[in-house]
Amino acid sequence: MAVRVDRAVTSGTFSLDGETFDVDNNVWVVGDDTECVVIDAPHSVDDILAVVGGRTVRAILCTHAHDDHVRVAPALRERVTAPILLHPADRPLWALTHTDELWDADLTDGQSVEIAGTALTVLHTPGHAPGAVCYHAPELGCVFTGDTLFHGGPGATGRSFSDRPTLEDSIRAKLFALPDDTVVHTGHGEDTTIGAEAAALGRGS
Ligand SMILES: [Zn+2]
C-alpha cells in the first residue's frame, strides 16, 4: 500500500523566556491507509485527528520540545493510544510545558522508526534545541526538520537552550549530507530542498 505524507497547519502560540508569539505550525502525518505516525503535536488534537482520519497512530514523533510542538502531545496520546518519542536532551524544555507528564521512549541518533513498510531515520541535530531531531525518509525522498532548517535558512537561536554554531554544524554534518533533491518538510511554513538551502548557507564553515 502506498505511503504518503499529509500535512495539517494549526495555529496557536509559542512562549519562551517570558515572551509569547502567535505561530502557525505544520503537523506531518506519514503512513498508508491503515497506519501512520504523527510528527509534532501543536495546538489542536482535533486538527491533527482530521488528517489522521481513521488510521491507527503508531507513534507521536517530536522534532523538539518547544511548547508549540509538544503542547497537545499528552492529550493526543490519550486519544490514539500511541507512545510519544522525544530526544532526552530536550527534557528541560519539555518540563517547561508538561510538569507532571513524560514522554514514553527516548530517541537516539541513527535510530530507525518503521511505519507502513518504510523507514524514518532519526538524525540528532542539536542547535535550535539540545534535543532537536530530524526524520529522514530515504524511500520517500524527504526529511522532516522541525525548526532546525526552514525555507530560507537555519531555525532561530536567539533564546534559551539554543546555539547558532551548534545548529550550523548539525545542518552541515547531518542534513547537507542528504541528496540535494531531498524535499525538506519544515515545522513552520513552506517546503524547501536540501540543495537550495546548502547553496544559500554554504556547505563549509
Ligand atoms: Zn522550536
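The crossing of H1 and H3 is right-handed. This description rests on a predicted model. Two packed helices are described by the angle between their axes and the distance between the axes. Here, helix H1 spans residues 45-52 and helix H3 spans residues 73-80. They pack at an angle of about 45 degrees, and their axes lie 10 Å apart. H1 and H3 are therefore oblique to each other, since angles under 35 degrees would count as roughly parallel and those from 65 to 115 as roughly perpendicular.

Both helices supply residues to the contact. H1 contributes Val45, Asp46, Ile48 and Leu49. From H3 come Ala75, Leu76, Arg79 and Val80. By class, six residues of this contact are nonpolar and two are charged. No polar residue takes part in the contact of H1 with H3.

Empty space in the model was examined next. Rolling a probe the size of a water molecule over the atoms shows where such space is left. The largest pocket has a volume of about 200 Å³. Its lining comprises 14 residues. Nearest the centre of the pocket lie Phe14, His128, Asp147, Ala156 and Arg159. The lining of the largest pocket divides into five nonpolar, six polar and three charged residues.

Technical notes. Residues are numbered from 1 along each chain as its sequence is written. This is a predicted model: local features need pLDDT of at least 70, side-chain atom pairs count only at pLDDT 80 or more; totals for chains, interfaces and linings use all residues. Side-chain values use heavy atoms; hydrogens and water are left out. On a 1 Å grid over the protein atoms alone, a cavity is a set of points where a 1.4 Å probe fits but cannot get out, and a pocket is an open set with protein on both sides within 12 Å along at least five of seven lines; lining residues have an atom within 4 Å of a point. Grid points are joined across faces, edges and corners, and a volume is the space filled by probe spheres set on the points. Ala, Val, Leu, Ile, Met, Phe, Trp, Tyr, Cys and Pro count as nonpolar, Asp, Glu, Lys and Arg as charged, and the others, Gly among them, as polar. Axes are lines fitted to C-alpha atoms, for helices over the stretch in contact, and angles run from 0 to 180 degrees between N-to-C directions. Helices (H or I, at least four residues) and strands (E, at least two) are DSSP runs, numbered from the N terminus. Angles under 35 degrees count as roughly parallel, over 145 as roughly antiparallel, 65 to 115 as roughly perpendicular and the rest as oblique. A crossing is left-handed if the near helix is turned anticlockwise from the far one by less than a right angle, and right-handed if clockwise. Contact means heavy atoms within 4.5 Å.
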